[in-house]
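Visitor: I would like to learn how to read a model of this kind. Please take one feature at a time, with the general idea before the case.

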Amino acid sequence: MNSKTASQPLTIAKTPSAPDASGFSIGGLFRRPEAGAFLGLFGVFVFFLVFGSIDFLKPAGAASWLNVAANLGIIAFPIGLLMIAGELDISIGSMIPAGSMTVAIISGYYGLPIWIGIAASLGLGVFVGLVNGFLVVRTNVPSLIVTLGTLFAVAGLVLGLSVLLTGTTSVALKAPELAKFLFGQFVGNTFQVIIFWWLALTALYIFVIHYSPYGNWIFAMGGDKVSARNAGIPTARLTICLFVLSSTSAAFVGMCQAILFNSAQVSAGMSFIFNSIISVVVGGVLLTGGFGSIIGIFFGTITFAVVNQGIYFTTFDRNWSSLIIGVMLLLAVLMNNTFRTMALSYSPKKK
Amino acid sequence: MKMLTTMTTILATSVAVCLTASLALAADIAVVGGKTDDAFWSKIKKGVDDSRFVVEANGGKVTYLQLQTYDNLGPDAAGLVRTAISQGVTGIVVPDWVPEAEDEAIKAAVSAGIKVMLMNAGSLEKAKELGAINYVGSDEYLAGVAGGEYFGKSGQKNVLCVNTLPGSANQEARCKGVIDGIGKAGGAGKQLPLPATSFGDPTAIAEAVKATLTQDGTIDGVITIGAGDADAAASGIQQAGKVETVKLGSFDFNEASLDRIKGGAQLFAVDQQPYLQSLLSVSLLASHIDFGTDLPVAPVLTGPGIVDASNIDSTLSGVSKGAR
């Protein structure tokens, strides 16, 4: 085992139980892997409070970025885990419209019960994830290329089937009350119900990744896959699971969108590929794998959403929005990097 | 054995048909177009497929050459025009999206003796300049003006044009038209350009519309450049709690926006009737090549058509057949 593999997973493994010998300390809090991501988010908040208005934090304003963050966040978690494990999945870009079109065609166009549509939509996610996972594990082709292939294949399949079956590329869907309540309602007329799914999933991911052995396995894989396998970690099975997770999450988000907006389009969702990777990196995951945390991704997603939506609460000319988004994201990542370096190079003073 | 004979007969006949076809120099038409995965181009495709029957009945054929992406629109379209030239077609239907990039290829086609019809993007002046026989399509600016005036007629005073593709000449012309149109009717309008990170994310678009409506209480009309964006805008208006006061319009439409028009949640949709663009341009071009006809009407405008509560039912039946 080389030293890199040994030290990185250990750093992470230790952090959840941060207050070790010395007990609770502000310094210890700042050295947690998600501290940089949190400070990035904090800086972005301050910026929009100064240049925007307080409306931004009122319920309706908060919903503006929470809704965007929730949709993106559900996908960003598995993407982040894949990146930590040293893989990438860009096929989510076509899994979102695939998920929404599946439920819309089955339950909207053919009028079958919504539960069949939802099951088919998620089932398609599992299937595409299995295909991605098996191809990556068996062929050793880089996952970027494999999922690039499935990105186009799924997009073409959805388009072809949609035109063949329905004659159009946009299908309307009227979901019954219960499905609408669970997946596509506005709580208090402003919060998408998907926010609660996102929060629940955050808790679940934190538990699995940071408090169960599976988490350490993923970090070990990203550090050094061969050593991880030699140490007895079922790397192939774990990789396939992660791909299934990411494409099923994308199908889930697509399905919720179709139910919420009562409509599904063949061409949508490509911006999610880039946006989810940005959120994950802003959240402190290394592009090279092996480092990151769920809370970090959580903060990274919110940062991205706030930067994107905050602009509407300012008086800046809207033509400048992309410039502001770019600069803010760069600053957030820089802040994050500074803190990560500080955290990793920290050595406690002798008492 | 009987099967085999039948097969041979069919083969022989089709060979004969092919031979006559090439001898008679019937129209061999290439249509350059966008990806058929958006609602708009799939209707163009249906127009192409429907006009194919007429062309094939006269011994000709029609092929649809589609772009793989929109990232490099002008050069890619020019490339498809050159592909068509090298295939030896007798007619090309092409949208002149990026004149700087495409004009040279179109001129090359014209000088090779190929009849060219501009469709969807271009103008009569452009057609004359390039030596194309006509322009079939709509004028985005006029479509915008029609939308703006419709808002004015129904009493709107301040209209927001949500542009998810800022910088694209077509969409800028639409929004400019809306602003001028509502201006003529005594109101005002402005554009809301969204960053590229929001494109294709309905939640981001809905929240942008909601935030803008809450920031500026005087806005009483919202129009989007696409039908999918209108689904998102409708949700933004509803979240802002302004369904009663803010009216929604859209360029182009889908099933959900038509449902909204029928139910009263959307005021209207501006339609450029894409089905007619390809149906007419292919049939006009084929008839010109095969029979030497010339239509005195130029340009052939297929829009703006307005879909509102008054003609929603006939539109819906066209939608169910994939033509609207």
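Guide: A helix can be checked by its length. The expected span is 1.5 Å times one less than the number of residues. Helix α7 (residues 143–166) of chain A has 24 residues and should therefore span 34 Å; its end C-alpha atoms lie 33 Å apart, which agrees. Helices (H or I, at least four residues) and strands (E, at least two) are DSSP runs, numbered from the N terminus.

Visitor: What should I know about the numbering and the origin of the model?

Guide: Residues are numbered from 1 along each chain as its sequence is written, and chains are lettered from A and ligands numbered from 1 in the order in which they are written. This is a predicted model, in which local features need pLDDT of at least 70, side-chain atom pairs count only at pLDDT 80 or more, and totals for chains, interfaces and linings use all residues.

Visitor: Which residues of α7(A) are buried, and what do they pack against?

Guide: A residue is buried if 20 or more other C-beta atoms lie within 10 Å of its own, exposed if 12 or fewer, and partly exposed in between, with C-beta atoms placed from the backbone. In α7(A) the buried residues include V146(A), L151(A), V154(A), V158(A) and L159(A), and also S143(A) and S162(A). The buried residues of the helix pack against α5 (92–109) and α6 of chain A. After α7(A) comes G167(A), with a positive phi near 80°.

Visitor: Where in chain A is confidence lowest, and where is it highest?

Guide: Confidence is read from pLDDT, the predictor's value for each residue, from 0 to 100. Chain A has a mean of 85, with 90% of its residues at 70 or more. The lowest mean in chain A, 40, belongs to helix α1 (residues 3–14), and the highest, 96, to helix α6 (residues 114–139). Residues 1–22 of chain A have pLDDT below 50, yet this stretch has 29 contacts in the model beyond near neighbours in sequence. Two residues are in contact if their C-beta atoms, placed from the backbone, lie within 7 Å.

Visitor: How do I read the overall form of each chain?

Guide: Start with the radius of gyration, taken over C-alpha atoms; the globule rule is 2.2 Å times the number of residues to the power 0.38. For the 351 residues of chain A, a compact globule would have a value near 20 Å, and chain A has 21 Å, which agrees. For the 324 residues of chain B the rule also gives a value near 20 Å, and chain B has 22 Å, which agrees. Chain A has 15 helices and four strands, whereas chain B has 12 helices and 12 strands.

Visitor: How is chain B divided into domains?

Guide: Domain bounds come from an automatic or database domain assignment. In chain B, domain 1 covers 2–138 + 273–293 and domain 2 covers 140–271. Their centres, over C-alpha atoms, are 34 Å apart. Five residues of domain 1 and seven residues of domain 2 make the contact between them.

Visitor: How many residues does each chain give to the contact between the chains?

Guide: Chain B gives 37 residues and chain A gives 41 residues. On the side of chain B, α8(B) gives the most, with 10 residues.
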